[in-house]
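User: Could you walk me through this model before I go further with it? I'd like to take it piece by piece.

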Amino acid sequence: MVKPMQKDSFESQEHWSRVYSAKPTESVSWFQEHPAISLEMIARSCEPPATVLDVGAGAAHLVDRLIERGYRPGALDIVPEPLEQVQKRLGDRSSEIEWFITDVTRFDSPHPWDVWHDRAVFHFLTRPEEREMYRSVLRASTRSGSTVIVATFGMNGPDRCSGLPTVRYSPESLSEELGHDYDLVETAFETHQTPSGVAQEFVFCRFERK
Ligand SMILES: C[S@@+](CC[C@H](N)C(=O)[O-])C[C@H]1O[C@@H](n2cnc3c(N)ncnc32)[C@H](O)[C@@H]1O
(Lines give C-alpha, C1' and ligand atoms only; values in the text may rest on other atoms or scores of the structure.)
Protein backbone atom coordinates (compact mmCIF):
# COMPACT_ATOMS: atom_id res chain seq x y z
CA MET A 1 0.00 0.00 0.00
CA VAL A 2 2.58 2.53 -1.13
CA LYS A 3 1.86 5.57 -3.26
CA PRO A 4 4.44 6.57 -5.92
CA MET A 5 7.39 8.57 -4.56
CA GLN A 6 7.45 12.33 -5.25
CA LYS A 7 10.57 14.46 -5.75
CA ASP A 8 10.78 15.62 -2.11
CA SER A 9 10.37 12.01 -0.96
CA PHE A 10 13.25 10.96 -3.23
CA GLU A 11 15.51 13.64 -1.75
CA SER A 12 14.59 12.56 1.74
CA GLN A 13 15.13 8.93 0.80
CA GLU A 14 18.60 9.70 -0.58
CA HIS A 15 19.47 11.57 2.60
CA TRP A 16 18.45 8.73 4.93
CA SER A 17 20.11 6.07 2.76
CA ARG A 18 23.37 8.04 3.02
CA VAL A 19 22.96 8.30 6.79
CA TYR A 20 22.44 4.55 7.19
CA SER A 21 25.35 3.64 4.91
CA ALA A 22 27.71 6.01 6.77
CA LYS A 23 27.68 4.32 10.18
CA PRO A 24 26.39 1.31 12.10
CA THR A 25 22.91 1.73 13.57
CA GLU A 26 24.27 1.53 17.13
CA SER A 27 26.28 4.73 16.44
CA VAL A 28 23.49 6.96 15.12
CA SER A 29 22.63 9.79 17.51
CA TRP A 30 19.10 8.51 18.20
CA PHE A 31 20.18 4.96 19.08
CA GLN A 32 18.34 3.66 22.13
CA GLU A 33 19.05 0.26 23.67
CA HIS A 34 15.74 -0.02 25.53
CA PRO A 35 12.69 2.04 24.48
CA ALA A 36 11.35 2.23 28.04
CA ILE A 37 8.96 5.19 27.79
CA SER A 38 7.47 3.94 24.52
CA LEU A 39 6.84 0.46 25.97
CA GLU A 40 5.31 1.87 29.16
CA MET A 41 2.99 4.16 27.22
CA ILE A 42 1.94 1.34 24.88
CA ALA A 43 1.29 -0.99 27.86
CA ARG A 44 -0.87 1.67 29.52
CA SER A 45 -2.84 2.12 26.27
CA CYS A 46 -3.75 -1.42 25.28
CA GLU A 47 -2.98 -5.06 25.85
CA PRO A 48 -1.57 -7.60 23.39
CA PRO A 49 -2.43 -8.59 20.72
CA ALA A 50 -3.10 -4.94 19.81
CA THR A 51 -1.60 -3.65 16.56
CA VAL A 52 1.19 -1.06 16.87
CA LEU A 53 2.69 0.81 13.92
CA ASP A 54 6.20 2.17 14.47
CA VAL A 55 6.48 5.10 12.07
CA GLY A 56 10.02 5.93 10.93
CA ALA A 57 11.07 2.81 12.78
CA GLY A 58 14.65 2.80 11.53
CA ALA A 59 16.54 -0.04 13.23
CA ALA A 60 14.90 0.66 16.62
CA HIS A 61 14.44 -2.27 18.99
CA LEU A 62 10.82 -1.40 19.75
CA VAL A 63 9.34 -3.99 17.36
CA ASP A 64 11.53 -6.74 18.89
CA ARG A 65 10.19 -5.95 22.36
CA LEU A 66 6.62 -5.74 21.04
CA ILE A 67 6.60 -9.20 19.48
CA GLU A 68 8.13 -10.62 22.70
CA ARG A 69 5.12 -9.16 24.54
CA GLY A 70 2.55 -10.51 22.07
CA TYR A 71 1.69 -7.30 20.22
CA ARG A 72 1.28 -7.26 16.43
CA PRO A 73 3.68 -4.59 15.17
CA GLY A 74 4.21 -2.87 11.86
CA ALA A 75 7.45 -1.09 10.95
CA LEU A 76 7.47 1.75 8.43
CA ASP A 77 10.46 3.66 7.11
CA ILE A 78 11.26 5.78 4.08
CA VAL A 79 14.32 3.61 3.31
CA PRO A 80 14.81 -0.17 3.37
CA GLU A 81 18.34 -0.32 4.88
CA PRO A 82 17.48 -0.10 8.61
CA LEU A 83 14.42 -2.37 8.20
CA GLU A 84 16.58 -5.00 6.53
CA GLN A 85 18.87 -4.93 9.56
CA VAL A 86 15.90 -5.52 11.85
CA GLN A 87 14.72 -8.39 9.64
CA LYS A 88 18.18 -9.97 9.87
CA ARG A 89 18.21 -9.46 13.64
CA LEU A 90 14.80 -11.10 14.05
CA GLY A 91 15.32 -14.01 11.64
CA ASP A 92 12.15 -16.13 11.37
CA ARG A 93 10.27 -13.83 13.75
CA SER A 94 10.41 -11.00 11.18
CA SER A 95 7.38 -12.62 9.54
CA GLU A 96 5.37 -11.49 12.60
CA ILE A 97 5.81 -7.86 11.55
CA GLU A 98 4.12 -5.91 8.74
CA TRP A 99 6.78 -4.03 6.77
CA PHE A 100 6.25 -0.77 4.87
CA ILE A 101 8.86 1.15 2.89
CA THR A 102 7.32 4.52 2.18
CA ASP A 103 7.29 8.20 3.07
CA VAL A 104 4.89 8.37 6.00
CA THR A 105 3.21 11.46 4.51
CA ARG A 106 2.15 9.29 1.54
CA PHE A 107 1.30 6.10 3.40
CA ASP A 108 -1.91 4.29 2.54
CA SER A 109 -2.47 1.94 5.46
CA PRO A 110 -4.12 -1.42 4.72
CA HIS A 111 -6.02 -1.22 8.05
CA PRO A 112 -6.39 1.06 11.08
CA TRP A 113 -3.89 0.63 13.93
CA ASP A 114 -4.60 0.45 17.66
CA VAL A 115 -1.39 2.37 18.35
CA TRP A 116 0.51 4.80 16.13
CA HIS A 117 4.05 5.33 17.48
CA ASP A 118 6.49 7.90 16.14
CA ARG A 119 9.82 8.62 17.82
CA ALA A 120 11.84 11.31 16.09
CA VAL A 121 10.12 11.57 12.71
CA PHE A 122 7.43 14.24 13.08
CA HIS A 123 10.01 16.81 14.20
CA PHE A 124 11.67 16.59 10.76
CA LEU A 125 8.50 17.86 9.08
CA THR A 126 9.39 21.54 8.97
CA ARG A 127 6.89 22.57 6.27
CA PRO A 128 3.23 23.06 7.24
CA GLU A 129 2.04 21.18 4.15
CA GLU A 130 4.07 18.08 5.15
CA ARG A 131 2.50 18.18 8.61
CA GLU A 132 -0.92 18.50 7.03
CA MET A 133 -0.23 15.38 4.95
CA TYR A 134 1.03 13.55 8.06
CA ARG A 135 -2.17 14.47 9.94
CA SER A 136 -4.32 13.23 7.10
CA VAL A 137 -2.41 9.89 6.94
CA LEU A 138 -2.64 9.61 10.73
CA ARG A 139 -6.40 10.11 10.55
CA ALA A 140 -6.80 7.49 7.80
CA SER A 141 -4.56 4.99 9.67
CA THR A 142 -6.30 5.15 13.07
CA ARG A 143 -9.88 5.13 14.38
CA SER A 144 -11.76 6.52 17.35
CA GLY A 145 -10.07 5.18 20.52
CA SER A 146 -6.68 4.58 18.86
CA THR A 147 -3.59 5.69 20.74
CA VAL A 148 -1.12 8.09 19.14
CA ILE A 149 2.35 8.37 20.69
CA VAL A 150 4.60 11.05 19.24
CA ALA A 151 8.09 11.75 20.61
CA THR A 152 9.94 14.82 19.34
CA PHE A 153 12.78 17.03 20.47
CA GLY A 154 11.59 19.17 23.39
CA MET A 155 11.89 22.95 23.57
CA ASN A 156 15.41 22.51 25.05
CA GLY A 157 16.37 19.90 22.46
CA PRO A 158 18.53 20.49 19.36
CA ASP A 159 17.23 22.38 16.33
CA ARG A 160 19.04 20.05 13.93
CA CYS A 161 19.58 16.31 13.71
CA SER A 162 21.45 14.24 11.22
CA GLY A 163 22.15 17.34 9.09
CA LEU A 164 18.45 18.32 8.88
CA PRO A 165 16.54 21.12 10.64
CA THR A 166 13.97 20.06 13.24
CA VAL A 167 10.96 21.65 14.92
CA ARG A 168 11.00 21.52 18.73
CA TYR A 169 7.76 21.00 20.63
CA SER A 170 6.23 21.37 24.07
CA PRO A 171 3.31 19.05 24.95
CA GLU A 172 1.01 22.03 24.34
CA SER A 173 2.39 22.92 20.91
CA LEU A 174 2.43 19.28 19.80
CA SER A 175 -1.14 18.88 20.97
CA GLU A 176 -2.13 22.02 19.08
CA GLU A 177 -0.34 20.71 15.98
CA LEU A 178 -2.27 17.42 16.01
CA GLY A 179 -5.58 19.20 16.50
CA HIS A 180 -8.81 18.79 18.46
CA ASP A 181 -9.41 15.18 17.45
CA TYR A 182 -6.68 13.95 19.80
CA ASP A 183 -6.85 14.21 23.60
CA LEU A 184 -3.47 14.51 25.30
CA VAL A 185 -3.54 11.92 28.09
CA GLU A 186 0.11 11.57 29.13
CA THR A 187 3.41 13.38 28.77
CA ALA A 188 6.97 12.35 29.64
CA PHE A 189 10.31 14.09 29.20
CA GLU A 190 13.50 12.15 28.56
CA THR A 191 17.09 13.23 28.44
CA HIS A 192 18.47 11.02 25.70
CA GLN A 193 22.23 10.38 25.77
CA THR A 194 23.56 9.98 22.26
CA PRO A 195 26.27 7.33 21.70
CA SER A 196 28.81 10.19 21.54
CA GLY A 197 27.67 11.46 24.97
CA VAL A 198 25.51 14.48 24.04
CA ALA A 199 22.30 15.05 26.05
CA GLN A 200 19.13 15.72 24.02
CA GLU A 201 15.72 16.57 25.46
CA PHE A 202 12.82 14.55 24.06
CA VAL A 203 9.16 14.99 24.86
CA PHE A 204 6.83 11.98 24.57
CA CYS A 205 3.11 12.67 24.24
CA ARG A 206 0.40 10.04 24.34
CA PHE A 207 -2.92 11.00 22.76
CA GLU A 208 -6.23 9.23 22.44
CA ARG A 209 -8.20 9.81 19.29
CA LYS A 210 -11.76 10.97 19.99
C1 LIG B 1 15.87 9.91 13.87
S2 LIG B 1 15.48 8.41 13.14
C3 LIG B 1 14.49 7.61 14.39
C4 LIG B 1 14.41 6.13 14.19
C5 LIG B 1 13.57 5.38 15.25
N6 LIG B 1 12.22 5.91 15.32
C7 LIG B 1 14.21 5.41 16.60
O8 LIG B 1 13.64 5.99 17.53
O9 LIG B 1 15.29 4.82 16.73
C10 LIG B 1 14.28 8.88 11.94
C11 LIG B 1 13.83 7.72 11.06
O12 LIG B 1 12.73 8.13 10.28
C13 LIG B 1 12.93 7.78 8.93
N14 LIG B 1 12.21 8.82 8.17
C15 LIG B 1 12.58 10.10 7.97
N16 LIG B 1 11.66 10.76 7.26
C17 LIG B 1 10.67 9.87 7.02
C18 LIG B 1 9.43 9.93 6.33
N19 LIG B 1 9.03 11.07 5.75
N20 LIG B 1 8.67 8.82 6.27
C21 LIG B 1 9.07 7.66 6.84
N22 LIG B 1 10.23 7.54 7.51
C23 LIG B 1 11.01 8.63 7.60
C24 LIG B 1 14.42 7.74 8.72
O25 LIG B 1 14.81 6.90 7.66
C26 LIG B 1 14.88 7.24 10.08
O27 LIG B 1 14.93 5.84 10.12
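User: Before the details, what kind of model is it?

Analyst: It is a predicted model, in which local features need pLDDT of at least 70 and side-chain atom pairs count only at pLDDT 80 or more, while totals for chains, interfaces and linings use all residues. Residues are numbered from 1 along each chain as its sequence is written, and side-chain values use heavy atoms, with hydrogens and water left out.

User: OK, what volume does the largest pocket have?

Analyst: The largest pocket has a volume of about 900 Å³. A pocket here is an open set of points on a 1 Å grid over the protein atoms alone, where a 1.4 Å probe fits, with protein on both sides within 12 Å along at least five of seven lines, and lining residues have an atom within 4 Å of a point. Grid points are joined across faces, edges and corners, and the volume is the space filled by probe spheres set on the points.

User: And which residues are closest to its centre?

Analyst: Of the 45 residues that line the largest pocket, Ser-12, Trp-16, Ala-120, Val-121 and Phe-124 are the closest to its centre.

User: Which element gives the largest share of that lining?

Analyst: H1 does, with seven residues. Helix H1 (7–22) is joined by strands E1 (51–55), E2 (72–77), E4 (115–119) and E7 (164–165) and by helix H5 (128–141), each of which supplies at least two residues of the lining. Helices (H or I, at least four residues) and strands (E, at least two) are DSSP runs, numbered from the N terminus.

User: How does the lining split by class?

Analyst: There are 22 nonpolar, 14 polar and nine charged residues in the lining of the largest pocket. Ala, Val, Leu, Ile, Met, Phe, Trp, Tyr, Cys and Pro count as nonpolar, Asp, Glu, Lys and Arg as charged, and the others, Gly among them, as polar.

User: Switching to rings, how many aromatic pairs are there?

Analyst: The structure holds nine aromatic pairs, where rings of Phe, Tyr and Trp (its six-membered ring) pair if their centres lie within 6.5 Å, and planes under 30 degrees apart count as stacked, over 60 as edge-to-face and the rest as tilted. One of them joins Phe-100 and Phe-107, which is edge-to-face because the ring centres are 4.9 Å apart and the planes stand at 65°. Phe-100 also forms an edge-to-face pair with Trp-113, at 6.1 Å centre to centre and 85° between the planes.

User: Where do Phe-100 and Trp-113 sit in the chain?

Analyst: Phe-100 is in strand E3 (residues 98–101) and Trp-113 in the loop between E3 and E4, 13 residues apart, and the pair links distant parts of the chain. Phe-100 and Trp-113 are both buried, that is, under 20% relative accessible area, with exposed meaning over 50% and partly exposed in between (1.4 Å probe, protein chains only). Phe-107 is buried too.

User: Which residues make up the aromatic cluster?

Analyst: Trp-16, Tyr-20, Trp-30 and Phe-124 form one aromatic cluster, and Trp-16 and Phe-124 are also among the residues closest to the pocket centre.

User: What does Thr-51 touch?

Analyst: Thr-51, which belongs to strand E1, touches Arg-72, Pro-112, Trp-113, Asp-114 and Val-115, not counting residues up to four places away in sequence; contact means heavy atoms within 4.5 Å. Thr-51 counts as buried because its relative accessibility is 8%.

User: Where is the cis peptide bond?

Analyst: A cis peptide bond joins Pro-48 and Pro-49, with omega about 5°, and Pro-49 lies in the loop between H2 and E1. Both prolines are in contact with Gly-70, leaving aside neighbours of Gly-70 within four places in sequence. Gly-70 lies in the loop between helix H3 (62–68) and E2, and counts as partly exposed because its relative accessibility is 32%.

User: Which phi value does Ala-120 have?

Analyst: Phi of Ala-120 is near 70°, a positive value in a residue other than glycine. Ala-120 is in the loop between E4 and H5 and counts as buried, because its relative accessibility is 14%. Ser-162 likewise has a positive phi, near 55°, in the loop between strand E6 (160–161) and E7, and Ser-162 is partly exposed with a relative accessible area of 24%.
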